[in-house]
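Dear colleague,

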Amino acid sequence: MNAEAASSDRSGPSPSAAGRPALLRLWLHLVVLLRTQIRASEIWLAVICAGVGLAAGLGAVATALSAHLLQGLLYGISPLRRLSTIPLVPLERLPILPLGGLSLGLMTLWWARRRPGVIVDPVEANALHGGRMSLRDSLFVVAQCLSSNGFGASVGLEAAYAQLGGAFASITGRALNLRRTDLRTFVGAGAGAGIAAAFGAPLTGAFYAFEIVIGAYTTANVAPVVMAALAGALVSRLLGVDSLVIRMPATDIVSALHYLIFAGLGLICAVYGILIMRAVALVDRTVSLLPLPRWARPALGGVLLAAIAFYEPQTLSAGHGALHLGLEQSLGPRALALLVAAKTCASILALGFSFRGGLFFASLYLGTLVGRLFVVVLAAIGLHTGIDPVAASLVGMGAMAVAIIGGPFTMSFLVLETTGDFGLAAATLAAAIVASLMVRETFGYSFSTWRLHLRGETIRSAHDVGWLRSLTAGRMMRRDRPTAPADMRVEDFRLQFPLGSVRTVFVVDGQGAYAGLAPVAAVHAEKDGARLIGDLSVLRDRALMPDMTIKDCMAVFDATASDELAVLDEAGRPLGVLSEAYATRRYAEELEKARRDLTGGD
């Protein structure tokens, strides 16, 4: 060792290095304290959720401003103007959409090679993964949404707001080592806070969390979710960011007849919403059949979107400005029908050609058009309802959003916070309930769960079914079951496995593959001691696989009327055995735990 090194060793660690262990211990102590307090007190849970709401609100504001800045740079519009309000798209600006699609496709290709796998959104996270989300993947989703919306594709940023808020909440909750139920509440609160910040509507954000992301409303999750939504909305207001929905007064007195008419509007919105969701899936399947690499699909979609935008610029982006114009202008049936058709085609093509975003705001805009068209057509055929077209637009806005996104109370509160009119909010709720019932009975999915269904999932809401999938045969089986070769004689089997030693024994062939179960009692009752065990084995072709869920296992138990079944690996070798009694008990335990989580009980 040289003199300088020796001198350095004798001098001891630097003050900054000496302070690190103390700071680390202080931080760890703080984290442990917070974990303990949050688990013991709902007040702490609400306080931390308020902090998550602030972060989600800041993320939503930053995302919205970034998209608006990108639109201004690309299309040359002023900061005070919305893209969908421009009267004409100049010819030299039309290539923007195809170029945006190309950049999105290449960016997605690069990410898929770097991090293959499916990106989990808040609904899927809460339904299947106990609230676990990746911040890195979520930031990439935000980048995709910014690229799509910023270049003018007919998709909204609400998916980015919910994704970012949910990811902030998920990593916070996991850092605090929260229980599964609390983590799901955190994710719902974060996603709801992002929506609340975007719309400046805390009740809308809170019920978005309850109805769409968490899937349940309980006394245990009210305070955390509401605190996060209030914090998110407060951020946007303090920063002076305009909410996405204009404050539009409606002075109509809603009569009993109007409720029936609005119920009919809800029915129309339900049918139209189902057609849109099915059309997105149809376009996606059709595009996948084209001899075109996946990364090039958004570019082709951009060409089609540019053609639509050239004839109808109001189809650009999510349609915030166009919605405001639609509420203020008086348009005839033909103009309204053309706008509905153009916006519908633009939204379907954007999603079908792999642009990233959501249908939340597009459904709101389409709802205003369909609602106004509804009363205008009724008046044109001589049925004068006395309903203000603005009121019909707002009710249609809520009903269409419920048909596509879900959440009757979410959209009713959006209308309430938009207008301050309780009568109109009640009418919206009536139309929303009709739309929701119609969609649930005839279709069964919202847009988010429909896309998961197309990917092979079977969930229909954000209710927690992940615990059900974690109860697999591989997790529940016992591995201590002995084996016997199929050519073993009965008399030898009796010596090796006396009565009472074990209930059943695996029978295997010469390669170690499963050849059935040998009931010990039945073998001991056999009179011919020279018979082979393989001849006495049962359930030779009925067994379980390790990844089968409890639901699948119980179906096999019912079909075989057996008390025990073997669990086999991919090669057909026995791994363990699962009894029906144990599987039933584990299922009952998890059901009881889920019930306690839902009711907030101990």
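**Helix packing and cysteines**

The crossing of α16 and α17 is right-handed, and the contact between the two is made by Leu394, Met397, Gly398, Ala401 and Val402 on the α16 side and by Pro408, Met411, Leu414, Val415 and Thr419 on the α17 side. Please bear in mind that this is a predicted model. The axes of α16 (residues 389–404) and α17 (residues 408–419) come within 8 Å and cross at roughly 155°, which makes α16 roughly antiparallel to α17.

Helix α16 also packs against α15 (residues 360–380), at an angle of about 130° and with the axes 6 Å apart, so that α15 and α16 are oblique to each other. The crossing of α15 and α16 is likewise right-handed, and the residues that make this contact include Leu364, Gly367, Gly371 and Val375 of α15, together with Val390, Ser393, Met397 and Ala401 of α16.

Elsewhere in the chain, helix α3, which runs over residues 42–75 and has 34 residues, reaches 48 Å from its first C-alpha to its last, close to the 50 Å expected at 1.5 Å a residue. Glycine 76, which follows α3, has a positive phi, near 70°.

As for the cysteines, the count of disulfides comes to zero, taking a pair of cysteine sulfur atoms within 2.5 Å as the criterion. Cysteine 49 counts as buried because its relative accessibility is 0%, whereas cysteine 345 is partly exposed, with a relative accessible area of 40%.

Best regards

Conventions:
Residues numbered from 1 in each chain as written. Predicted model: local features only at pLDDT ≥ 70, side-chain atom pairs only at ≥ 80, totals over all residues. Heavy atoms only, no water. Buried < 20%, exposed > 50% of the residue type's maximum accessible area, 1.4 Å probe, protein only. Helix = DSSP H or I, 4+ residues; strand = E, 2+ residues; numbered from the N terminus. Expected span 1.5 Å × (residues − 1). Axes fitted to C-alpha atoms, helices over the stretch in contact; angles between N-to-C directions. Parallel < 35°, antiparallel > 145°, perpendicular 65-115°, else oblique. Left-handed = near helix turned anticlockwise from the far one by under 90°. Contact = heavy atoms within 4.5 Å.
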